[in-house]
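Please open the model in your viewer and keep the selection panel at hand. The tour goes from one selection to the next and says what is found at each stop.

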Amino acid sequence: MTPVPSTPPRTTPAPAKERAIKEQVVLVLQGGGALGAYQAGVYQALMEGGIEPDWVIGTSIGAINGALIAGNEPSNRIARLREFWDGVGRKGLLDQLWPSAIFGNSLANMSTMMSGIPGFFTPNPQAVWGPTFPLGVEKASYYSTDPLKETLGHLVDFDCLARQQVRLSVGAVNIRTSEMRYFDSQAMPLAAAHVMASGALPPAFPAITIDGESYWDGGIYSNTPIEVVLDDVPRRDSLIFSVNVWQPTGSQPTTIQQVMARHKDIQFASRGKSHVARQAQIHRLRHVVRELANRLPPEVRADPVVRDMAEYGCGTLMHLVRLLSPRLDGEDHTKDIDFTPSGIESRWKAGHEHARKVLAERPWEAPADLLAGVVIHEATG
């Protein structure tokens, strides 16, 4: 993949020092195609602030970014992220002939749809036979992601990932059962196929078959996989950075183009806020159960039935920092395929600057209601 110039400053990891954050640090990354450059900028700011994740959970492009982070030593992570994003940043021939100042990114995005992205995906020649031709589950798509397999093999150190310095979970949905599955490095060795399964968004990309079952992009089911942390057993006190690239709220559209853009935002924001609210409610009930059990007399707590019920209690505290990518000028419904160098640079820079401000404020250090269980900190870009 041919590198292109990159605007954000190049950095090296902060010197090793005593860990300042005692909680488990979790990084949750949404799916969103080219919007994932924002996530890379957020990670860069975290690294510069001396915060490295213990666990990365990703869907689709979030799974790719997550693999680049968890599958490399700390000193190599930013370099690998840059190599990937510089490689997929493209400026098509049409866009070079007619500048974006006149036509926006429409020509570059059209070029992406026609010819794909180097090192990521290419047109599937068999798709020319039409939508009703039986190609098989692993070929029934408009593009092939074979180039991504080679890219991941080059940029991700799967031996490093197997050493479990950073836990990685990537979500994919089983085509046959429609159930979500998280491939977790803590439970099994992960390979490029698991990451590709998480990003196999149909009908653009083909399904990935693993152990006889075929999988599509996890974003179809849950594009904001925050529940994985809150349902983990055993639970741990956690500082969770949820990096969201789709806009859950927006103005009323007045044009067809605005309708398409708002529709995609609503679809892939994946009801993240309501999911978090529900999980927070459940976790608060766990705290209530624990508090009630602690107030019972010893002889009542010793009852086997009471002991079993008390097991539903939990005393862990989760600080959830929800970073929301800002809207950029000129965005439309094709923003997730805006792989232009300027688009990637703008989103990387936005993520970097936004996360730096959040780290300076450190909202998770404020006093919290001990019964809350999950304390939510909204950080809008």
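Predicted model: local features only at pLDDT ≥ 70, side-chain atom pairs only at ≥ 80, totals over all residues.

Residues are numbered from 1 along each chain as its sequence is written, and side-chain values use heavy atoms, with hydrogens and water left out.

Select residues 77-88, helix H3 (helices are DSSP runs of H or I with at least four residues, strands runs of E with at least two, numbered from the N terminus). Nine of its 12 residues are buried, so H3 is largely enclosed by the rest of the structure (buried means under 20% relative accessible area, exposed over 50%, partly exposed in between, with a 1.4 Å probe and protein chains only). The buried residues of H3 pack against helices H1 (37-48), H2 (61-70), H7 (146-155) and H15 (341-361).

Next, select Trp 85, whose contacts (heavy atoms within 4.5 Å) beyond four places in sequence include Gly 33, Ile 61, Phe 339 and Trp 348.

Now turn to the salt bridges (a side-chain nitrogen of Lys or Arg within 4 Å of a carboxyl oxygen of Asp or Glu), of which the structure holds 17. Select Arg 322 and Glu 378, whose side chains meet in one of them at 2.9 Å, N to O. The pair joins strand E10 to strand E11 (residues 374-380), across 56 residues. Arg 322 counts as buried because its relative accessibility is 9%, whereas Glu 378, at 45%, counts as partly exposed.

Finally, select Arg 347 and Asp 338, which form a salt bridge at 3.4 Å, N to O.

Definitions and conventions: Expected span 1.5 Å × (residues − 1).
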